[in-house]
Amino acid sequence: MPATRPGEWLDPASGLGLGLDDVQPGTFNMTISTDRYTCPDYAARERGSIWMRTWQIAGRVEDLPKPGDWKKYEILDQSFIIVRGKDDVLRGFVNACRHRGNALCTTDTGNAKRGFLCQYHLWSYDLEGKLKGLLRENLAGPIDKTENSLLQVSVDTFAGFIFLNPDPDAAPLREYLGEDVVSLLEPYNIEQFTTVMDVTEAIECNWKVVMDAFEEGYHINGIHPQLLQVLHINPKTARYRFFENHSVAMAPFEVVGAGVQDQVAGILALPETFPGTVAVIPRFQELIAPYQDSDGNVAFPDGVTARALLQQATREVLTGMGLDVSRLTDDQMVDNQGWVLFPNYFMTVRAGECHVIMSVPHPDGDPNRCIWHVASYMYVPQDFRAAVRAEALVVDTPGSYKYFEALQQDYEQMPRQQKGLRNDRLDHMSLVKEEVVIAHYHSVVDRHLADSVTADTARSTSSVKESRD
């Protein structure tokens, strides 16, 4: 039976999602070698196989609202420019002058209304990357301007995010994401969300340690006990979908078996962890008021639950604010769905807000370090977006920035894991079944590394054949 709305994949009757028991032993490798977190040679393979060949998020569309607005995106030792043209199209270029390679843009962002000017020898380029002029052009000799445009890279957008792929011959973004991923995420209208947190910081762990940490709920009891008030990690009720490169998982946003009073208390405390609920809580309080006595004790009749009232409050408030949530199910009003978009993007999304973790290798190439990027996005009516929009913050002093409680706990935990992974005698990790998303993720890593070797071999064979011919 096909789901009538994309979010109904969670219903077992849809036949689309998997429960943990549906994932048969041997589906994924549950033994993960530790050298992929610590070995410089492995990191070098990832550079060519993953980072130079996959779509990765480089910012938000709202970062570049006007023609000429540009931002720099760097991955390892590679630097790129993304710019909005006069035709309103976003384009990406290698951040290097075609003359002698000087970096065109040295700051993080700016506006180039008249195009880009190399400060070394004053070669200039328009917003489409075409070489416009050069110093003393009449004396320069046979320089073909059409052959010296900026080197273009693939840029596209989805859900309000700007994606970049260093490979100019990359398959289209939507093909890479896949039809299922696009259809499942589109109803959230994330492109209408505003950035309310944007923090980047170097951290002492491999970039995949960051990804792994957010791909399972097995650690919540140990690291985030405060979340147990509202998030019940029950392997029997969690649901999964696995795609060629990506995945999504969901665990119900409630404490099954807890008393009504505890459930209500947990919901009222949600803003401490999920800021988007701030606007919803007043309406939720109005909805539970008829069921409260003078001492504040709550008693619901059959058919009424705190979860259902939170769903109702969320739908009403977001609709009243102008966000179309009609294509989202009631579960999507309150349940965080955890998305992994390969290679380095994890997002929890629920109606009206999403929280994103991204990680990339450290520019110095040390596999024991990475850069993590934490961002939050919320739906805010147009008139208030400028007031709440957060500017990008780069943390230079480790530990100086305090994240919200759960994120701070992860921030402190991940370097501890990296220290353990560096022990020579620990040659593998052993995953439990609840960590199946990690297992799927590393199967994608393995495939990309293998595919790259196959592609390189094919190119090499072709080159040899052509030289013989």
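The model is predicted. A search of the whole structure gives 14 aromatic pairs. One open sheet of three strands, in the order E7-E8-E9, is also described below.

**Sheet E7-E8-E9**
- The pairing in this open three-stranded sheet is antiparallel.
- Strand E7 (116–117) and strand E9 (131–133) are the edge strands; each has a single partner strand, so one side of each lacks a neighbour in the sheet.
- Strand E8 (residues 124–125) runs antiparallel to E9 and is joined to E9 by two bridges.
- Serine 124 has glycine 133 in E9 as its bridge partner.

**Aromatic pairs**
- Among the 14 aromatic pairs, tryptophan 51 and tryptophan 207 form an edge-to-face pair, with 4.8 Å centre to centre and 70 degrees between the planes.
- This pair links distant parts of the chain: tryptophan 51 belongs to helix H2 (residues 40–51) and tryptophan 207 to helix H5 (residues 207–213), 156 residues apart.
- Tryptophan 51 and tryptophan 207 are both buried.
- Tyrosine 240 and phenylalanine 242 form a stacked pair, at 6.0 Å centre to centre and 5 degrees between the planes.
- Tyrosine 240 counts as buried because its relative accessibility is 7%, and the cut-off for buried is under 20%.
- Phe214, Phe346, Trp372, Tyr401, Tyr403 and Tyr411 are linked into a cluster by ring pairs.

**Charges over rings**
- Arginine 60 places its charged end over the ring of phenylalanine 161, 4.4 Å from the ring centre.
- Lysine 208 lies over the face of tyrosine 37, at 5.5 Å from the ring centre.

Terms used. Residues numbered from 1 in each chain as written. Predicted model: local features only at pLDDT ≥ 70, side-chain atom pairs only at ≥ 80, totals over all residues. Heavy atoms only, no water. Pairing = 2+ DSSP bridges. Helix = DSSP H or I, 4+ residues; strand = E, 2+ residues; numbered from the N terminus. Phe/Tyr/Trp six-rings, centres within 6.5 Å; stacked < 30°, edge-to-face > 60°. Buried < 20%, exposed > 50% of the residue type's maximum accessible area, 1.4 Å probe, protein only. Lys NZ or Arg CZ within 6 Å of the ring centre and 35° of its normal.
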